[in-house]
Amino acid sequence: MTNQDNWLEIGKIVSPQGLSGELRVYPVSDFPERFQVPGKRWLLRSGETELQPIQLLAGRYISNKNLYVIKLAGVENCDQAEALRGCKLMVPASDRPQLGEDEYHVLDLIGLEVFMQASGELVGTVVDIIAAGNDLLEVKLHESFTTDKQQITNHKKQKTVLIPFVEAIAPVVDLKSNRIEITPPPGLLEINN
């Protein structure tokens with residue numbers, strides 16, 4: 001059995017594209033080269049634990065659908081492509097593209113705790129990253145943060161806020177300490193009831 005901790009999912013095959021065996025892939029990786037640069041990838045079929053090596057021949061991005069269309073070796077027709085529906089595309093976890101100094105893997109940011117840089121107060125936890133012109137951190141607010149601010153709402157549902165992931169607002173990202181420090185402009189964290 002393959003130890004999946006050593007693997008990263010880069011996308012999921014959602015359907016065949018056309019009749020020549022091309023496949024539509026919904027990406028969960030921010031790196032286009034995962035789908036466009038030919039080379040070895042691995043398939044994980046649903047319900048299975050063994051990974052199957054496969055050769056990526058080509059790929060292109062369809063921006064209005066946020067999908068990649070890829071061509072895999074040995075997948076020549078619609079039936080063979082259909083058989084791969086729902087498979088995950090994987091790469092070894094060690095195969096991370098080199099990042100620039102201020103770039104981060106999305107997976108590394110989820111779960112980080114967010115603190116006010118000035119006061120050291122815990123704001124909440126990053127639960128998602130929303131890709132926009134500037135990426136947005138979706139932060140689930142910590143209960144103490146919502147209560148202290150008299151911003152408690154009638155239905156005590158823990159709120160989330162979106163914080164632009166830009167250096168001016170999130171100047172410190174410390175993966176080793178599992179924390180992000182933010183200097184939000186006034187009003188950014190006000191909760192809209």
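The model is predicted. The chain has 193 residues, and 38% of them count as buried. It contains 4 helices and 12 strands.

**Overall numbers**

- The accessible surface of the protein chain is about 11,100 Å². Carbon and sulfur atoms hold 49% of that surface.
- Take the contacts in the chain with a separation of 6 or more: 53% of them link residues 24 or more positions apart.

- Strand 1 (residues 7-17) pairs with strand 6 (residues 88-92) in the antiparallel sense, over 5 bridges. Within that pairing, Gly11 has Leu89 of strand 6 as its bridge partner.
- Strand 2 (residues 22-27) pairs with strand 5 in the antiparallel sense, over 3 bridges. Here Leu23 stands opposite Ile70 of strand 5.
- Strand 4 (residues 52-62) also runs antiparallel to strand 5, with 6 bridges between them. Tyr61 has Tyr68 of strand 5 as its bridge partner.
- Strand 4 and strand 5 form a hairpin, with 4 residues between them. In the turn, Asn66 has a positive phi of about 50°.

**Strand 5 in detail**

- Strand 5 spans residues 67-72 and is mostly covered. Of its 6 residues, 6 are buried.
- Leu67, Val69 and Lys71 point one way from strand 5. Tyr68, Ile70 and Leu72 point the other way. All of these residues are buried, Lys71 included.

- Strand 8 (residues 122-130) and strand 9 (residues 136-141) pair in the antiparallel sense over 6 bridges. Ile129 has Leu137 of strand 9 as its bridge partner.

**Nonpolar cores**

- The largest nonpolar core has 19 residues. Leu109, Val126, Leu137, Ile163, Ile180 and Ile182 have the most contacts inside it.
- Strand 8, strand 9, strand 10 and strand 12 each give two or more residues to this core.
- Another core, of 18 residues, lies apart from the largest one. Its members include Val25, Tyr68, Ile70 and Val75.
- Leaving aside neighbours within four places in sequence, Ile180 is in contact with Leu109, Leu112, Glu113, Val114, Phe115, Val126, Leu137, Ala170, Val172 and Val173.

- Pro184 sits in the segment after strand 12 (179-182). Its relative accessible area is 19%, so Pro184 counts as buried. The cut-off for buried is under 20%.
- Beyond its neighbours within four places in sequence, Pro184 is in contact with Met116, Ile169 and Leu189.
- Pro184 and Ala168 are 16 residues apart along the chain. Their C-alpha atoms are separated by 8.3 Å.
- Gly120 lies in the loop between strand 7 (113-116) and strand 8. Gly120 is partly exposed, because its relative accessible area is 39%.
- Gly120 and Ile182 are 62 residues apart in sequence. In space they are 9.5 Å apart, C-alpha to C-alpha.

**Cysteines**

- The structure holds 0 disulfides. A disulfide is a covalent bond between the sulfur atoms of two cysteines.
- Cys78 is partly exposed, with a relative accessible area of 27%.
- Cys87 is buried, with a relative accessible area of 2%.

Technical notes: Residues numbered from 1 in each chain as written. Predicted model: local features only at pLDDT ≥ 70, side-chain atom pairs only at ≥ 80, totals over all residues. Heavy atoms only, no water. Buried < 20%, exposed > 50% of the residue type's maximum accessible area, 1.4 Å probe, protein only. Contact = heavy atoms within 4.5 Å. Areas by Shrake-Rupley, 256 points an atom, 1.4 Å probe, with all protein chains shown as cover. Pairing = 2+ DSSP bridges. Disulfide = S-S within 2.5 Å. Core = buried A, V, L, I, M, F, W, Y, C linked by side-chain atoms within 4.5 Å.
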